[in-house]
Amino acid sequence: MKGQLRVDVELPSQLLGNQWQFDVRDARMRWVATVGSNQSIELDPGVYQVNGVLEDGREHQEILEVRADKLSVAHFVANPVGGSRSSESVATDPVESFNPRPKLKPLSI
């Protein structure tokens, strides 16, 4: 018996609406399917990784278990561009990690 996996995106894209695409990989990291946001697919029971890049420019991922005759939901929240980072974010922003100004100590006279 198969289970179902659905991908939900909480914050729709200003450009794409709810037309996000997510890759689904099995426990051995083999590509299984591509699924759109707010769509569901049937899968064999097992552990799957769902990932995609959202409008904030970061890769978001979720690992979940699909069980027979059950619905499993991967839920993503896209941060607005320039917003705070979500807990699902796995990529680093090179601009945030680069600080061109040296930290100066106050002068003591």
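Colleague: What makes the contact between Glu 65 and Arg 67 a salt bridge?

Modeller: In this predicted model, the side chains of Glu 65 and Arg 67 approach to 3.5 Å, N to O. The criterion asks for a side-chain nitrogen of Lys or Arg within 4 Å of a carboxyl oxygen of Asp or Glu, so the pair qualifies. In general, side chains of opposite charge can pair when their charged atoms come close.

Colleague: Why is Glu 65 called partly exposed?

Modeller: The relative accessible area of Glu 65 is 43%. Buried requires under 20% and exposed requires over 50%, so Glu 65 belongs to the class in between.

Colleague: How many salt bridges does a search of the whole structure find?

Modeller: The search returns 4 salt bridges. One of them joins Lys 2 to Asp 44, with 3.3 Å between the closest N and O atoms. Lys 2 belongs to the segment before E1, and Asp 44 to the loop between E4 and strand E5 (46-53), so this pair ties together parts 42 residues apart in sequence.

Colleague: What makes the pair of Asp 8 and Arg 6 a salt bridge, and is Asp 8 buried or exposed?

Modeller: The closest N and O atoms of Asp 8 and Arg 6 are 3.1 Å apart, and the limit is 4 Å, so the term applies. Asp 8 has a relative accessible area of 16%, which is under 20%, so it is buried. Arg 6, with 28%, is partly exposed.

Colleague: How do you know that strands E1 and E4 pair?

Modeller: E1 (residues 3-9) and E4 are joined by 4 bridges and run antiparallel. At least two bridges are needed, so the two strands count as paired. Gly 3 stands opposite Leu 43 of E4.

Colleague: In which sense do E2 and E3 pair, and over how many bridges?

Modeller: Strand E2 (residues 21-25) and strand E3 (residues 31-36) pair in the antiparallel sense over 5 bridges. Gln 21 has Gly 36 in E3 as its bridge partner. E2 and E3 form a hairpin, with 5 residues between them.

Colleague: What is stated about phi in Met 29 and Asn 38?

Modeller: Met 29 has a phi near 65°, a positive value in a residue other than glycine. Met 29 sits in the loop between E2 and E3. With a relative accessible area of 44%, which lies between 20% and 50%, Met 29 is therefore partly exposed. Asn 38 also has a positive phi, near 60°, and is likewise not glycine. Asn 38 is in the loop between E3 and strand E4 (40-43). At 38%, Asn 38 is partly exposed.

Colleague: What is the confidence in the protein, and where does pLDDT stay under 50?

Modeller: The mean pLDDT is 78, and 64% of the residues reach 70 or more. Over residues 83-99 pLDDT stays under 50, and the model has 24 contacts beyond four places in sequence for these residues.

Notes: Residues are numbered from 1 along each chain as its sequence is written. This is a predicted model: local features need pLDDT of at least 70, side-chain atom pairs count only at pLDDT 80 or more; totals for chains, interfaces and linings use all residues. Side-chain values use heavy atoms; hydrogens and water are left out. pLDDT is the predictor's confidence in each residue, from 0 to 100. Contact means heavy atoms within 4.5 Å. Buried means under 20% relative accessible area, exposed over 50%, partly exposed in between (1.4 Å probe, protein chains only).
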